[in-house]
Amino acid sequence: MSFQIEQVSASVKRIDFTIPSAEVTTQIDTAFKKVAAKAQLPGFRRGKVPRRVLEDRFGREIRSDVASDLINFHFRQAAQDLEFLGQPQVKPGEIKEDT
């Protein structure tokens, strides 16, 4: 992970960080495997739902959860030496996986 800390004003700092695509892809794959093991959809046995069906049904939620987890984890790492005056504002970018 790489990050930059920019001083916006006397009391405001901005942290930009990039998470490697390999890590994003790994986390998304892991999340789909967890859902696949528990998913029970009509026409499929438990744990036998194809990934494409899971992508159509749960893809947006899974990617959102993975993005949130990754952002929180990496934000804590990047901001561990900073002191906060209030609640940090997070403006997430796009989450993409290698294809």
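## Where Gln 87 sits

Gln 87 lies in the segment after α2; helices here are DSSP runs (H or I, at least four residues), numbered from the N terminus. This is a predicted model, so local features need pLDDT of at least 70 and side-chain atom pairs count only at pLDDT 80 or more, while totals for chains, interfaces and linings use all residues. Residues are numbered from 1 along each chain as its sequence is written, and side-chain values use heavy atoms, with hydrogens and water left out.

Gln 87 is exposed, at 74% relative accessibility. The cut-offs: buried is under 20% relative accessible area, exposed is over 50%, and partly exposed is in between (1.4 Å probe, protein chains only). Gln 87 and Val 24 are 63 residues apart along the chain, and their C-alpha atoms are separated by 26 Å.

## How α1 packs on α2

Two packed helices are described by the angle between their axes and the distance between the axes. Helix α1 covers residues 21–38 and helix α2 covers residues 51–78; they pack at about 130 degrees, axes 9 Å apart. The axes are lines fitted to C-alpha atoms, for helices over the stretch in contact, with angles from 0 to 180 degrees between N-to-C directions. α1 and α2 are therefore oblique to each other (under 35 degrees is roughly parallel, over 145 roughly antiparallel, 65 to 115 roughly perpendicular, the rest oblique).

On the α1 side, the residues that meet α2 include Val 24, Ile 28, Phe 32 and Val 35, and among those on the α2 side are Leu 54, Phe 58, Leu 70 and His 74. By class, the contact of α1 with α2 has 11 nonpolar, three polar and five charged residues. For those classes, Ala, Val, Leu, Ile, Met, Phe, Trp, Tyr, Cys and Pro are nonpolar, Asp, Glu, Lys and Arg are charged, and the others, Gly among them, are polar.

Val 24, in helix α1, is buried at 6% relative accessible area. Val 24 and Leu 70 are 46 residues apart in sequence, yet 7.9 Å apart in space, C-alpha to C-alpha.

Over in helix α2, His 74 is buried too, at 3% relative accessibility. Skip its neighbours within four places in sequence, and His 74 is in contact (heavy atoms within 4.5 Å) with Met 1, Phe 17, Ile 19 and Glu 23.

## One aromatic pair

A search of the whole structure turns up one aromatic pair. The ring centres of Phe 75 and Phe 84 are 6.0 Å apart and the planes are at 40 degrees, so the pair is tilted. Rings of Phe, Tyr and Trp (its six-membered ring) pair if their centres lie within 6.5 Å; planes under 30 degrees apart are stacked, over 60 edge-to-face, the rest tilted. Phe 84 is partly exposed, at 45% relative accessible area.

Key. Helix = DSSP H or I, 4+ residues; strand = E, 2+ residues; numbered from the N terminus.
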